[in-house]
Every structure is written in C-alpha cells, then in structure tokens.
Amino acid sequence: MKNFIVKNKKIFLIILITILVIISFILIAIGILNKNKEQNEENENLTVNDIKNLIRNNYLSTYLLEGDIKVTDSYMNMGDDIYYIVQDPLLENINSISDISNLIENTFFESRAATIFEKLKDDKYNQYVVAGDYLYVKKGNVCKDFPEINYGEIIQKELEDGIWIDYNDAGFKIKQEDNKWKTGTIIYKCSDETE
C-alpha cells in the first residue's frame with residue numbers, strides 16, 4: 001500500500017508540474033500576442049497623411065540645405081558673408097533656427113539628424129541666422145535642378161521593427177524614436193549629388 005501511495009504521489013507531482021509548464025507557456029504566448037497586438041495597433045494608427053507629412057518634412061529638410069531658397073532683396077552683412085531674408089512659400093512655417101532644428105529632429109533618427117546639423121555648418125550648404133524677426137539665409141552651392149515633391153503611390157509593409165514605405169521610386173524604413181515616426185533616409189536630394 002505504501003508503494004501505491006508513493007507511486008501515486010510521483011504521478012500526481014508529474015501531472016502537477018506538466019500542468020504548471022503548460023500554464024506558463026500559455027501565459028507567455030498570451031503576453032507575446034498582446035505585445036504584437038499593441039505593436040499592430042500602434043502601426044495602424046500611422047495614416048497615409050502621417051506618412052505624407054513625414055515625406056514633406058524630409059523634403060523640406062533637404063530643401064533647407066541645398067534648395068534655391070526664395071529671398072527678398074533685403075540683406076545684411078556678417079563679416080564677408082551676405083545673408084538675405086527668407087521669403088519662400090515652402091518655408092512659411094519656418095521662422096527660426098529652432099523651427100529648422102525641430103523639423104530635422106522630428107523627421108530623422110538622431111544619427112541622421114546629427115549629419116544634417118553638420119551640413120548646416122558647412123559653407124557648401126545653405127546657412128541660416130535670425131536677426132530681429134527675420135530668418136536670413138546665406139546660400140551655399142544651391143541645387144539648380146532641385147526635385148519637386150510628388151507624393152505618388154504610398155505602400156506600407158510591416159517590418160519586425162518598423163514599417164517599410166514604398167514611395168514613387170524610393171523605399172525607406174520608418175520606426176518610432178522618441179514616440180515619433182522617423183526615418184534615417186534622405187528621400188530627396190539634388191540629382192547631381194551622391195551620398
């Protein structure tokens with residue numbers, strides 16, 4: 001009888017451990033499914049308008065660097081450099097260095113934004129200062145054939161760590177950084193520029 005009780009205790013213990021292992025696997029699976037569901041809901045919240053806004057900001061960032069910025073005849077001298085007041089319809093919401101910084105930081109991953117900020121210090125690219133209530137630009141080697149923005153067809157594909165966007169002839173990845181959708185790709189650039 002004692003053997004029977006010991007044998008039953010072993011069987012009971014094996015069954016109990018098996019049930020606990022199964023329950024653990026079920027709980028882990030539920031946790032993974034919930035995480036994937038949250039990620040999908042987060043990605044579903046990304047609309048075509050959000051993507052177009054990101055594309056526009058990407059375009060404006062490059063345009064600020066190497067576009068032929070529209071200016072007034074008013075200028076100021078800073079040493080040997082001449083800066084003109086910016087009066088460009090594309091840049092109507094860009095009125096300060098802070099606006100330029102925010103545009104770049106909210107569009108690009110931190111590593112790419114750092115590269116763009118370095119270019120803003122290079123004489124090869126457009127450089128900006130603020131005086132009074134005006135944003136001034138000293139033009140660098142402006143791109144004479146700067147492309148126009150064209151949204152075309154936008155297709156989203158889910159990735160494990162973000163979203164792939166097929167856009168016109170370009171493809172680029174976006175993912176969340178600082179709770180904002182950003183990219184590391186400069187979509188628009190001068191046709192004669194190589195990166």
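Salt bridges first. I'm working from a predicted model, and I find eight salt bridges in the structure. Side chains of opposite charge can pair when their charged atoms come close.

Entry: Asp123. Which residue does Asp123 form a salt bridge with? I find Lys138, with the closest N and O atoms 3.0 Å apart. This pair links distant parts of the chain, 15 residues apart: Asp123 sits in the loop between helix 4 and strand 3, and Lys138 in strand 4. I also looked up a network of salt bridges, and it links Asp81, Asp123 and Lys138.

Is Lys138 buried or exposed? Lys138 counts as buried, because its relative accessibility is 10% and the cut-off for buried is under 20%. Asp123, at 52%, counts as exposed.

Entry: two other pairs. Lys121 and Glu118 meet through their side chains in a salt bridge, 3.5 Å from N to O. Lys121 is exposed, with a relative accessible area of 60%. Asp166 forms a salt bridge with Lys157, and I note 3.0 Å between the closest N and O atoms. Here Asp166 is partly exposed at 23%, and Lys157 is partly exposed at 44%.

Entry: helices 3 and 4. I looked up residues 97-105 (helix 3) and 110-119 (helix 4): their axes come within 9 Å and cross at roughly 145 degrees. Which residues meet there? From helix 3 I list Ser101, Ile104 and Glu105; from helix 4, Ala113, Ile116 and Phe117. By class, I jot down four nonpolar residues, one polar and one charged for this contact.

Technical notes. Residues numbered from 1 in each chain as written. Predicted model: local features only at pLDDT ≥ 70, side-chain atom pairs only at ≥ 80, totals over all residues. Heavy atoms only, no water. Axes fitted to C-alpha atoms, helices over the stretch in contact; angles between N-to-C directions. Helix = DSSP H or I, 4+ residues; strand = E, 2+ residues; numbered from the N terminus. Contact = heavy atoms within 4.5 Å. Nonpolar A, V, L, I, M, F, W, Y, C, P; charged D, E, K, R; others polar. Salt bridge = Lys/Arg side-chain N within 4 Å of Asp/Glu carboxyl O. Buried < 20%, exposed > 50% of the residue type's maximum accessible area, 1.4 Å probe, protein only.
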